[in-house]
Amino acid sequence: MSKKAIEWRDCPICGGKMIWEGEEWESYFLCTECGYSPNFEGCETLEQAVEWWNKRPLEDQLRARIAHLEQNIEKAKEILEEDMGEWLPVEPLYMPDHVRAMKHAWNALSEEVSKVGEK
Ligand SMILES: [Zn+2]
């Protein structure tokens with residue numbers, strides 16, 4: 001396995017890029033942001049180390065869950081937009097109460113999406 005072919009995931013602590021220098025076991029692996037350096041004890045080959053490093057079932061589950069929830073948020077916004085129809089660009093002050101309630105829900109969903117996207 002050449003260095004180029006290896007795909008290491010980012011640091012699990014801070015999301016920083018990991019660097020790997022040197023030859024196989026005379027090497028160090030270090031986060032460029034926070035300095036985290038994992039211990040590959042128990043891994044006998046570089047392939048095992050890569051597999052161990054990249055295996056993150058909880059993170060993968062959470063990412064999939066977040067993507068699913070973001071899709072649901074977008075669907076809910078589309079439904080609200082459809083129901084608000086021509087009221088959508090109108091100032092909330094002039095909206096009928098039920099439309100204003102939908103606009104509040106739409107705003108809340110929009111804030112949630114922008115929070116998730118921030119880093
Ligand atoms: Zn880090």
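Biologist: Why does α2 lie largely in the open?

Modeller: Of its 28 residues, the number buried is 1, so α2 lies largely in the open. A residue is buried if 20 or more other C-beta atoms lie within 10 Å of its own, exposed if 12 or fewer, and partly exposed in between, with C-beta atoms placed from the backbone. This is a predicted model: local features need pLDDT of at least 70, side-chain atom pairs count only at pLDDT 80 or more, and totals for chains, interfaces and linings use all residues. Residues are numbered from 1 along each chain as its sequence is written.

Biologist: How many of the protein's residues count as buried?

Modeller: 2% of the 119 residues.

Biologist: What makes the length of α2 agree with a helix?

Modeller: The expected span is 1.5 Å times one less than the number of residues. For residues 57-84 that gives 40 Å, and the end C-alpha atoms are 40 Å apart, so the two agree. Just after α2, Gly85 takes a positive phi of about 45°.

Biologist: What counts as an element here, and in which order do they run?

Modeller: Helices (H or I, at least four residues) and strands (E, at least two) are DSSP runs, numbered from the N terminus. The protein has 3 helices and 2 strands, in the order β-β-α-α-α.

Biologist: Why is Tyr36 called partly exposed?

Modeller: Tyr36 has 15 other C-beta atoms within 10 Å, so it falls in the partly exposed class. Tyr36 sits in the loop between β2 (26-31) and α1 (46-54).

Biologist: Which residues does Tyr36 touch, leaving out those up to four places away in sequence?

Modeller: Cys11, Ile13 and Cys31. Contact means C-beta atoms, placed from the backbone, within 7 Å.

Notes: Two residues are in contact if their C-beta atoms, placed from the backbone, lie within 7 Å.
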